[in-house]
Amino acid sequence: MTTNVVNSAPVIELTEVTREFQIGTHVVRALDGINLTIEQGEMVAIIGPSGSGKSTLMNTLGCLDQPSSGSFVLNGQDVSGLSDNQLAETRSRQLGFVFQSYNLLPRETALSNVELPLKYSGEYSGKDRRAAARTALDRVGLSERYDHRPMQMSGGEQQRVGIARALVKNPELILADEPTGNLDTKSSGEVIEMLRSLNEVDGKTIVVVTHDPEVAEAMKRVIAFRDGRIVEDRLVTNRATPITNLNVETEASE
Amino acid sequence: MNAALLLSTALSSIGANKLRAGLTLLGIVIGVSSVIAMMAVGRGAQVSVTSRISDLGTDLITVRPGAQALRFAFFGGGGNSDVLSLADALALQDDIFAPGVRLVAPENSFSGAAAFGSQNTFVSGVGVTAEYLEARNLKIASGRNISNADVQNTSNVVVLGSETSETLFAQRNPIGATIKISVREFTVVGVMESQEGTIFNPDGSVLIPITTAHYRMNNGKGLVDSISVSSISVLATSESTVDDARTDISTVLRLRHELGVDEDDDFLITTQQDTIETLEGTQGTFVILLGSIAGISLLVGGIGVMNIMLVSVTERTREIGIRRAVGAKRRDILLQFVAEAVLMTFGGGILGVLIGWTVAYFGDGASVDGDIIETVIETHIAFIALAVSVAVGLFFGIYPAVRAASLNPIEALRHE
C-alpha cells in the first residue's frame with residue numbers, strides 16, 4: 001500500500017465529459033457524460049470492448065484531445081480550453097505515456113529515446129538529460145541497454161524503455177494504452193510488475209487501458225466502459241492472485 | 001527545444017538517410033556552383049573588356065559624324081561622311097576655344113590589298129597625322145612615325161602594323177622597302193609594336209598620311225581643310241578635364257557647323273567612360289542572364305528539397321506523433337523540419353561555393369577555341385549565393401514543415 005501523503009486535489013477529475021465526432025452526417029458520441037475522479041496514488045484499469053470510448057478517454061486524459069463539453073481538471077488545473085501549446089506543455093510536465101507499440105524512435109538508442117521528453121523542455125542541459133535518462137533506465141532494470149537501439153531489444157525491453165521515457169520527467173500520472181498488447185505472457189508480467197512497482201514504491205498514479213482481464217485484475221481499481229459510459233467501477237480486492245497467475249519473476253524490478 | 005538541440009536533431013534525421021539527402025543536396029550544389037562559376041566568368045569578361053578600354057587611356061575622346069550624317073552617308077554610298085573635316089580637327093586645337101584639349105588626331109580610312117613581291121594581304125588602312133599614335137596609345141617598334149611633313153607633302157609613306165609587316169616581310173627588315181597598296185607604291189618608314197589583346201587591334205592595319213589617304217586612296221578632291229575625316233581622336237589635358245574638353249569640342253563644332261539652338265548635334269562625342277559604361281551595361285546584362293540561368297537550377301534544386309521534405313513528413317508521421325505526445329509543441333516540429341531543409345540547402349550551398357570557386361579558379365586563363373577565359377571570383381557573390389540557398393531552404397521547407405506541425409498527434413500516433 002502506498003505511504004504517500006494523498007494530495008487534497010485529485011489527479012484526475014472529469015465532470016460530465018462528452019466527446020463527439022462527426023463522421024459523415026452522423027455524430028458519434030464516444031464519451032457520453034463521464035464523471036470520474038482518480039486520486040493520487042491510485043492504479044486504475046480501464047476496460048471495455050473496442051469502440052466503448054476507452055481510447056478516447058485515454059486521449060483526453062493524455063491531453064492529446066479535448067472534450068466537446070464538460071470539464072477535465074488535471075492536478076487541480078482545468079485543462080479543457082487550453083491552447084495547443086499549453087496542452088503540449090501539460091503533456092510535457094505532468095504526463096508520462098506508455099504505448100501498446102512502444103513508439104520508440106527506431107534510429108535512436110534507448111538512452112536517446114528516454115531523453116526525448118527532456119529535449120522539449122528547455123530546463124535540462126545535455127549532461128542533466130543523460131543523467132536523468134540513465135536513472136530512468138536503471139529504474140526499469142535496463143542499465144545494460146543504454147546504447148541499444150529498439151531493433152536490438154526484445155519487446156519487453158522496448159516496452160520498459162517506453163516506461164523509462166514516461167518516467168524520466170518524474171510525472172505524477174502515467175498513462176498506459178494496452179501496454180502489454182504486443183507482449184508475450186512473461187514480458188507482460190514484467191511490465192505489469194514494473195507498473196505496480198512504480199505505483200507502490202514511487203507513488204505514481206497509473207491508468208492502464210486494457211482489454212486483458214488479467215492485466216485489469218492486477219490493478220487496484222477497474223473501470224469498465226461501454227458505449228461511452230462507465231458501466232462498472234470497482235476496487236480489486238484480491239490482487240495477489242492474478243499477478244501470480246501471470247508468472248512474474250521479481251527480476252523485473254531488480 | 002533550443003537551437004543546438006534543434007540542429008543536432010535535424011542533422012541526425014538528415015544523416016539517417018544519407019543517399020537521399022545527398023541527392024537532394026546535389027540539386028542545390030549544382031545550382032550554387034553554377035551561379036558562382038557563371039558569375040566569375042561573366043565578371044571576368046566584364047573586367048577584361050574594361051581594362052582593355054582603360055589601356056587606351058581614359059582621357060581619350062572620340063568624335064564621329066552623328067547618326068543623322070551617317071545615315072545620309074550610307075544612302076550616298078560613300079565610306080566617309082562629309083560632316084567632319086580636317087578644318088574641324090584643326091579648330092579643336094585652338095587653346096582659347098578648346099582649352100581642355102591637349103591633342104587632336106583626325107583620321108580617315110581606306111582599304112585595299114597590300115603587296116610586296118609575291119606576298120599580299122588585305123589591310124584596313126588609316127589616314128593619319130603625326131598625333132595618331134599618341135592618341136591611340138600605340139608605339140613604333142622600328143623606323144619612324146608618319147610626320148607632319150609627310151602630311152603636308154602628301155607623301156607615299158606607310159607605317160605597318162606588326163601583323164601586316166610579318167605577312168609581307170616575314171623576318172626581313174621592311175624599313176625602306178617599297179610596297180604596293182591597291183595600285184599605289186609606298187615606302188615603308190616604320191613598323192608598329194604589336195598590340196595583341198587590346199580592343200582596337202591595329203596589327204593588321206597600315207597608317208599613311210591623311211592627305212595621301214584622301215587624295216590618292218579615296219580619290220578625294222578639294223582643299224586640305226575640307227578633307228573629310230571619319231573620326232577625330234582627342235586627348236583631354238588630363239582625366240579630370242575630360243568633361244570640360246567634351247563641352248569645348250561640342251561648342252567649337254556647333255559653331256563651325258552653324259547649328260541653331262534648336263538643332264541637334266550632327267556629330268557624336270564619346271569618351272572612354274561612355275564606352276566603358278556601355279560595354280559594362282551590355283556585359284552586366286550578360287552576367288544577369290548567366291546568373292538567372294544558374295538561378296533556375298537553384299530553383300529546381302529547391303523544388304527537389306520540397307519534394308523530399310514532403311515525402312519525409314509522410315514517412316515520419318509516427319515520429320511526429322511520438323514527439324508531440326512527449327511534449328513537443330507545433331513550433332518544435334515546424335522548426336525541426338525547417339531546420340532540416342535549411343541545413344540541407346545550406347550544406348549544398350557551401351559545397352556549391354567550394355566547387356564553383358574551384359572551377360572558377362582553375363578555369364582562369366583556360367582557352368576555349370583560342371579565346372582566353374578570365375574569371376573574377378567575388379566574395380560577395382559567394383555570400384549572396386549562400387544566402388539564396390538558405391532562403392531556398394526556408395521557402396521550400398516551410399510548407400512541408402507546416403504540414404508536419406499541423407498533424408493531429410492522435411492520428412499521427414496511429415499512422416503505420
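Tutor: Start with one pair of residues: A:Ile174 has A:Ile206 as its bridge partner in E8(A). Bear in mind that this is a predicted model.

Now look at E8(A) itself. How many of its five residues are buried? Five of the five are, so the strand is largely enclosed by the rest of the structure. A:Thr205, A:Val207 and A:Val209 sit on one side. A:Ile206 and A:Val208 sit on the other. Both faces are covered. Why do the residues sort in this way? In a regular strand, side chains alternate between the two faces of the sheet.

Move on to the next strand. E8(A), residues 205–209, is joined to E3(A) by four bridges, and these two strands run parallel. A:Val44 stands opposite A:Val207. A:Ala45 stands opposite A:Val208.

E3(A) spans residues 43–47. Is it mostly covered or mostly open? Mostly covered: five of its five residues are buried. A:Met43, A:Ala45 and A:Ile47 point one way. A:Val44 and A:Ile46 point the other way. Residues on both sides of E3(A) are buried.

E3(A) has another partner. Strand E9 of chain A, residues 221–226, is joined to E3(A) by four bridges, again in parallel.

Trace the pairings once more. E8(A) is joined to E3(A). E3(A) is joined to E9(A).

Now compare a sheet with antiparallel pairing. Four strands of chain A form an open sheet in the order E2-E1-E4-E5. Its edge strands are E2(A), residues 26–38, and E5(A), residues 77–78. Each of these edge strands pairs on one side only. Strand E1, residues 12–23, pairs with E2(A) over nine bridges in the antiparallel sense.

A:Thr56 is found in helix H1 of chain A, residues 54–61. Its relative accessibility is 11%, so A:Thr56 counts as buried. Leave out residues up to four places away in sequence, and A:Thr56 touches A:Arg19, A:Phe21, A:Ala30, A:Leu31 and A:Asp65. A:Gln22 lies 34 residues from A:Thr56 along the chain, and their C-alpha atoms are separated by 14 Å.

A:Thr109 lies in the loop between strand E6 (95–98) and helix H3 (110–119) of chain A. Is A:Thr109 buried or exposed? Buried: its relative accessible area is 16%. Its side chain reaches the backbone nitrogen of A:Ser112 at 3.1 Å. Set aside neighbours within four places in sequence, and A:Thr109 is in contact with A:Tyr146, A:Asp147, A:His148 and A:Arg149.

Finish where chain A meets chain B. Here 23 residues of chain A are in contact with 22 residues of chain B. The area buried between the two chains is about 2200 Å², with carbon and sulfur atoms giving 56% of that area. Three salt bridges are found across this interface. One of them joins the side chains of A:Glu89 and B:Lys329, at 2.6 Å from N to O. Seven residue pairs are in polar contact between the chains. Which elements of chain A give two or more residues to this side? They are helix H2 (84–94) and H3. H2(A) gives the most, with six residues. By class, the side of chain A that touches chain B has nine nonpolar, five polar and nine charged residues.

Key. Residues numbered from 1 in each chain as written. Chains lettered and ligands numbered in written order. Predicted model: local features only at pLDDT ≥ 70, side-chain atom pairs only at ≥ 80, totals over all residues. Heavy atoms only, no water. Buried < 20%, exposed > 50% of the residue type's maximum accessible area, 1.4 Å probe, protein only. Polar contact = N/O pair within 3.5 Å; in protein donor to acceptor, adjacent residues only side chain to side chain. Contact = heavy atoms within 4.5 Å. Pairing = 2+ DSSP bridges. Buried area = accessible area lost by both parts, 1.4 Å probe. Salt bridge = Lys/Arg side-chain N within 4 Å of Asp/Glu carboxyl O. Nonpolar A, V, L, I, M, F, W, Y, C, P; charged D, E, K, R; others polar.
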